[in-house]
Amino acid sequence: MSAYSILVTSSPYDQAGSASAVRFCQHLLEEGHTLSQVFFYQQGIYNAFSTMAPPNDERNRFEEWKALHDACGTPLRVCITAGEKRGLVLSTDANQPELAHPFEQTGLGEFFTALHDSHRLVQF
């Protein structure tokens, strides 16, 4: 079986990329593959916003990624620079959105280092 790294650059609700990424990850796990990491970059960092409240007829991407992490422990990494550009920071200021568990802020260097443990990289 193969180890995969997933790169998510799609916003959770503007494109089908984020939904496809979640389904792809679930399918990989069902097939016995492993997920080395899921890295959220560019517009993909919005998947880590726990404060998004989608309408009842839409799926909550944050909760889907959280459930994936809970099922297999895959690290969910958010690019710190992309997050800061878009207002996602670790802060004690109540006016700033915070990065919620299980998402963690990392840099591109950590993403590239973890790629060495993967056989494949798939971008959504």
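User: Take this rule: the rings of Phe, Tyr and Trp (its six-membered ring) pair if their centres lie within 6.5 Å, with planes under 30 degrees apart called stacked, over 60 edge-to-face and the rest tilted. What does the count of aromatic pairs come to by this rule?
Analyst: This is a predicted model, in which local features need pLDDT of at least 70 and side-chain atom pairs count only at pLDDT 80 or more, while totals for chains, interfaces and linings use all residues. Residues are numbered from 1 along each chain as its sequence is written, and side-chain values use heavy atoms, with hydrogens and water left out. Ring pairs join Phe39, Tyr41, Phe111 and Phe112 into a cluster. The count of aromatic pairs is nine.

User: In what order do the elements of the protein run from the N terminus?
Analyst: Helices (H or I, at least four residues) and strands (E, at least two) are DSSP runs, numbered from the N terminus. The protein has four helices and five strands. Their order is β-α-β-α-β-α-β-α-β.

User: What radius of gyration does the protein have?
Analyst: The radius is taken over C-alpha atoms, and the globule rule is 2.2 Å times the number of residues to the power 0.38. Along the principal axes, the C-alpha atoms fill a box of roughly 45 × 35 × 25 Å. For 124 residues a compact globule would have a radius near 14 Å, and the protein agrees with that, at 14 Å.

User: What share of the 124 residues count as buried?
Analyst: Buried means under 20% relative accessible area, exposed over 50% and partly exposed in between (1.4 Å probe, protein chains only). Over the 124 residues, the buried share is 44%.

User: How many disulfides does the structure hold?
Analyst: A disulfide is a pair of cysteine sulfur atoms within 2.5 Å. The sulfur of Cys25 has its closest cysteine sulfur in Cys72, at 8.0 Å, and therefore too far for a bond. Cys79 is in no disulfide either, as the nearest cysteine sulfur, that of Cys25, is 18 Å away. The number of disulfides is zero.

User: Is Cys79 buried or exposed?
Analyst: Cys25 has 0% relative accessibility and counts as buried. For Cys79 the relative accessible area is 2%, so this residue is buried.

User: Which side chain is joined to that of Ser10 by a polar contact?
Analyst: Ser10 sits in the loop between strand E1 (3-8) and helix H1 (17-30), and is buried at 4% relative accessibility. A polar contact is a pair of N or O atoms within 3.5 Å; within protein, one must be able to donate a hydrogen and the other to accept it, and residues adjacent in sequence count only if both atoms are side-chain atoms. Contact in general means heavy atoms within 4.5 Å, and beyond four places in sequence Ser10 has contacts that include Gln43, Asn47 and Phe124. The polar contact, of 3.2 Å, is with the side chain of Gln15.

User: What distance separates the C-alpha atoms of Ala48 and Val78?
Analyst: Ala48 belongs to the loop between strand E2 (34-40) and helix H2 (61-72), and its relative accessible area of 0% makes it buried. Leaving aside neighbours within four places in sequence, Ala48 is in contact with Phe62, Val78, Leu88, Leu99 and Phe103. Val78 is 30 residues from Ala48 along the chain, yet the C-alpha separation is 7.5 Å.
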